[in-house]
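I put a question to each entry where I can.

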Amino acid sequence: MASIRSAILAGHLAPGDPLVERRLAEQLGVSKTPVREALIALAGAGLVTVSPNRGAAVREVSTQDIRDAYEVRLLLEPWAVGRTARLAHAAATGAAHTALGKAKRHLHARDHVPLSLANRAFHRAMYAGCGNPLVVDELDAVADLATLGAVTLIWEQSPSWEAEYAQHAEILAAFDAGEAELASRAMRAHIRASLRRLGA
């Protein structure tokens, strides 16, 4: 599943591309069974669509899909970030600094996929230590859609990656200082800014 998911998020498998079990199994050097299981899991996560007539394909996301994902993030992620900060997870801090460093290296690259994936890793580091696996699972699912949307929709309409990087640095500074409420507020403002760029 990880290989197929990474290929989708990196744009190697584009929205609408068919996902043929036999072909994917050959490319990955595995049997069709794990590929079938991965496609079912990715359909559950919202990255793949499955229809009786056409089979599986990479999901084609709309502006409304991305807006819905960001609205769920707005409800859950600020709380999760504040909770992670209060629990003072050293692993979260290290992972977030690593992701922010990767994002900085890709800020001015022509290919924005690595930057988007670094941003995805930053956000996950900020919320994954909240202690509530249901919240983490939900955020993981909508964050994948948000990652697709950042490259295919938001950044095409509004090249905002430098502003987003500055916001991430502000969130991490509050997190590092143990200011859980400030980190939570900064994350809420950050997600709201993305919603505004989507016209929400």
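How many residues does helix α6 have, and how far does α6 reach from its first C-alpha to its last? I looked up α6 (residues 113–127) and found 15 residues reaching 21 Å, close to the 21 Å expected at 1.5 Å a residue, where the expected span is 1.5 Å times one less than the number of residues. I note that this is a predicted model, in which local features need pLDDT of at least 70, side-chain atom pairs count only at pLDDT 80 or more, and totals for chains, interfaces and linings use all residues. Residues are numbered from 1 along each chain as its sequence is written, and side-chain values use heavy atoms, with hydrogens and water left out.

Next I checked burial (buried means under 20% relative accessible area, with a 1.4 Å probe and protein chains only). Eleven of the 15 residues of α6 are buried, so α6 is largely enclosed by the rest of the structure; among them are Leu115, Asn119, Phe122, His123 and Met126.

I then turned to helix α8 (residues 161–176), whose axis comes within 12 Å of that of α6 and crosses it at roughly 20 degrees. That makes the two helices roughly parallel, a label for angles under 35 degrees. On the α6 side, the contact (heavy atoms within 4.5 Å) is made by Leu115, Asn119, Phe122, His123 and Met126, while α8 brings Trp161, Glu164, His168, Ile171, Leu172 and Phe175.

Last, I looked up His190 in helix α9 (residues 180–197), which counts as buried at 4% relative accessibility. Leaving aside neighbours within four places in sequence, I found His190 in contact with His123, Glu164, Gln167, His168 and Ile171.

Methods. Helix = DSSP H or I, 4+ residues; strand = E, 2+ residues; numbered from the N terminus. Buried < 20%, exposed > 50% of the residue type's maximum accessible area, 1.4 Å probe, protein only. Axes fitted to C-alpha atoms, helices over the stretch in contact; angles between N-to-C directions. Parallel < 35°, antiparallel > 145°, perpendicular 65-115°, else oblique.
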